[in-house]
Amino acid sequence: MRKYFFMLILVVFLGFAAFGQNMIGNGNFTQPLYTPSSIPPDGNIFTNHNWSFLVNATGGGTATSGNGYFEATLYSAGSNSWAEQLLQSPITLDHGYIYKFSFTAKSSIPRSVEVKIGGTAALGWPAYNPGNGMAGGMTFKLGNEWQTYEGTFTMYRDTDEHARFEFELGLATGTIWIKDVSLEQVGQMESKEETQVSTSVLTDVKGWNLIFDEDFSSATSLNTNIWNFDIGNGETQGIKGWGNNELEYYTNHNAYVENGNLVIEADKEKVSDQYGTYDYTSARINTMGKFSFEYGKVVIVAKLPEGQGIWPAFWMLGDNINKVGWPSCGEIDIMEMLGNNPAKVYGTAHGPISGGVGIGQSYTLPSGTFSDTYHTFTFIWNKDAMGWYVDDHLYFFLTKSYVESHYGSQDWVYDHPFFLIINLAVGGNWPGNPDNSTVFPQKMYIKSIKIYQAQS
């Protein structure tokens, strides 16, 4: 029997002391820039309540501060918006609060600048102020006269203590001037009544009917009546690096059936196409157009790869993606793992919430790693809730009522069919790139994939 509990969350009045106070240090640029002694791989740098100017391998430029404004001369545009960055970290933001930022700027040539207030690598580099910029933030067109720009956004997830305020200055050369930067807490999102749903809503069913059964113990090859191969690095789909700056080139031969397993193999080998040359190959398969389902239980038995820059995933996308796009179609990550921590996996639901940032939790094995032996990854989903399991242990429970009360009714986008995706990425914004410690080939072994629907 389903059990429902009701709780009324009261609205907190907007009298919080932080409202109206600038959270930015040296917002008027009267002090010189701060240069960190080092930048760790996770990107969680501390800029000493000041600004730092960072240049990556694809960009080039010099910058100064101290006369009431920031000035950067960029002599190499770089291939991405973050080729040159002016950033401040950490900026502590709170879930449920509304923030406003503003700045005054000009440029020697007409160009765009992206402003991103975002989380760090552990969260997948999300933008808390979602926009159409390459890094996920808001873009602003600069002219050769001083002009003030501003943006407002709501924090739709818990605080990231390492959040960063970033000006992404890449993609164009010339000189940029910035002054009078502010970030203020200006309001609080109103909470609504939430229906508290018991976790038993996932398992209180009459029984389960098997509707999809990929048991590789007796298979000799991948069934192409069910599975499609994605090929390349995302260029033909208009999302270079598959939207995550991944390094691999997906082929139709890096996924194969062997010794009772579906094997997805990542290799260090060069492949070229009309868009460029890639140092790694791997595979990504999906059931789009061949199999999709609405509500049910997914059970995957697998042994995962490991290593810095290795990123295996089992996930699903709404089959209306070609009509409504991402994230409105919805994305459900059944399992993701970062190869540099092979004892920890993540389960996440993505949707329109804050531009697709998503809501999720992680699970860490009490001993051993997911590359030591096989584990069972289960995901249960119905009209009221979702649940993520490892070896029958429920570690993340998300309800429709919670999403609608904390974000909005339009943010639950999971009441329609989804198709499956399995891939093994190499590199990307979240896992980082392989290094000298990464061993190739890396292989993901999948014994079986079974999907059930509840009996009516």
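**Entry 1: serine 65.** I started with the side chain of serine 65, which reaches the backbone oxygen of glutamine 31 at 2.8 Å. I note here that this is a predicted model. Serine 65 sits in strand S3, residues 60-65. Is serine 65 buried or exposed? I get a relative accessible area of 15% for serine 65, so this residue is buried, the cut-off being under 20%. Leaving out residues up to four places away in sequence, serine 65 touches Asn26, Phe29, Gln31, Pro32 and Leu33. I also took the C-alpha to C-alpha distance from serine 65 to tyrosine 99: the two are 34 residues apart in sequence and 26 Å apart in space.

**Entry 2: asparagine 26.** Asn26 was among the contacts of serine 65, and I followed it up. Asparagine 26 lies in the loop between strand S1 (4-7) and strand S2 (52-55).

**Entry 3: tyrosine 295.** I found another positive phi at tyrosine 295, about 70°, and this residue is not a glycine either. Tyrosine 295 is in the loop between strand S19 (284-286) and strand S20 (296-303). With a relative accessible area of 22%, tyrosine 295 counts as partly exposed. I wrote these angles down because most residues other than glycine have a negative phi.

**Entry 4: cis peptide bonds.** Which peptide bond ending at proline 90 did I flag as cis? The bond runs from serine 89 to proline 90, with omega near 0°. Proline 90 belongs to the loop between strand S5 (84-88) and strand S6 (97-107). I also have a cis bond from tryptophan 326 to proline 327, with omega near 10°. Proline 327 is in the loop between helix H1 (321-324) and strand S22 (331-337).

**Entry 5: asparagine 228.** I looked next at asparagine 228, in strand S14 (residues 228-230). The side chain of asparagine 228 reaches the backbone oxygen of methionine 288 at 2.8 Å. Contacts of asparagine 228 beyond four places in sequence include Arg284, Ile285 and Lys290.

**Entry 6: the cores.** How many residues are in the largest nonpolar core? I get 56, and the residues with the most contacts inside this core are Leu304, Phe314, Val345 and Ile446. Strand S28 (residues 418-426) gives the largest share of this core, five residues. A second, separate core has 34 residues, among them Ile91, Phe101, Val113 and Ile178. I then listed the contacts of valine 345 beyond four places in sequence, including Leu304, Met335, Phe370, Phe377 and Val390. In soluble globular proteins, nonpolar side chains tend to be buried together.

**Entry 7: the whole chain.** I count two helices and 29 strands in the chain. The chain has a radius of gyration of 23 Å, which agrees with the value near 23 Å for a compact globule of 456 residues. Along the principal axes, the C-alpha atoms fill a box of roughly 70 × 60 × 45 Å. Of the 456 residues, 54% count as buried. The accessible surface comes to about 19800 Å², and 48% of this belongs to carbon and sulfur atoms. Among contacts with a separation of 6 or more, 74% join residues 24 or more positions apart.

Notes. Residues numbered from 1 in each chain as written. Predicted model: local features only at pLDDT ≥ 70, side-chain atom pairs only at ≥ 80, totals over all residues. Heavy atoms only, no water. Helix = DSSP H or I, 4+ residues; strand = E, 2+ residues; numbered from the N terminus. Polar contact = N/O pair within 3.5 Å; in protein donor to acceptor, adjacent residues only side chain to side chain. Contact = heavy atoms within 4.5 Å. Buried < 20%, exposed > 50% of the residue type's maximum accessible area, 1.4 Å probe, protein only. Core = buried A, V, L, I, M, F, W, Y, C linked by side-chain atoms within 4.5 Å. Rg over C-alpha atoms; globule rule 2.2 N^0.38 Å. Areas by Shrake-Rupley, 256 points an atom, 1.4 Å probe, with all protein chains shown as cover.
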